[in-house]
Amino acid sequence: MEQWKMIVSGLDSQESGKKILQALESVWGINKAEIDLKHREASFSYDSRMASRQDFEQAILDLGYGIESNEQQ
């Protein structure tokens with residue numbers, strides 16, 4: 001399992017957190033996803049044989065949010 005954490009611009013409410021969480025959970029290969037509103041972070045683990053980090057980035061970008069930084073946990 002790969003683990004990543006992203007700081008998401010625009011992640012500032014329960015509603016935006018719910019949308020981002022749903023988008024991450026819709027990507028094939030997701031294991032677990034969590035949202036931290038206080039730090040504007042989305043963290044997740046996934047099976048790298050089924051998805052790539054770029055798939056998760058694209059899911060967030062498709063919603064209209066930006067990614068300020070991302071890092072492997």
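Colleague: Where is the place of Glu57 in this model?

Modeller: In this predicted model, Glu57 belongs to helix H2.

Colleague: Why is Glu57 called buried?

Modeller: Its relative accessible area is 15%. Buried means under 20%, so Glu57 is classed as buried.

Colleague: Which residues does Glu57 touch, not counting residues up to four places away in sequence?

Modeller: Glu57 touches Met6, Ile67 and Asn70 on that basis.

Colleague: Which residues does Ile60 contact, leaving aside its neighbours within four places in sequence?

Modeller: Ile60 is in contact with Met6, Val8, Ile20, Leu24, Tyr65 and Ile67.

Colleague: Which residues of the largest nonpolar core touch the most other members?

Modeller: That core has 17 residues, and those touching the most other members are Val8, Ile20, Leu24, Phe44, Phe56 and Ile60. Two or more residues come from each of strand S1 (2-9), helix H1 (14-25), S3 and H2. In soluble globular proteins, nonpolar side chains tend to be buried together.

Colleague: What makes Asp47 a buried residue?

Modeller: Asp47 has a relative accessible area of 10%. Asp47 lies in the loop between strand S3 (41-46) and helix H2 (53-62).

Colleague: How do you know that a polar contact joins the side chains of Asp47 and Arg49?

Modeller: The value for this pair of side chains is 2.7 Å.

How values were computed:
Residues numbered from 1 in each chain as written. Predicted model: local features only at pLDDT ≥ 70, side-chain atom pairs only at ≥ 80, totals over all residues. Heavy atoms only, no water. Helix = DSSP H or I, 4+ residues; strand = E, 2+ residues; numbered from the N terminus. Buried < 20%, exposed > 50% of the residue type's maximum accessible area, 1.4 Å probe, protein only. Polar contact = N/O pair within 3.5 Å; in protein donor to acceptor, adjacent residues only side chain to side chain. Contact = heavy atoms within 4.5 Å. Core = buried A, V, L, I, M, F, W, Y, C linked by side-chain atoms within 4.5 Å.
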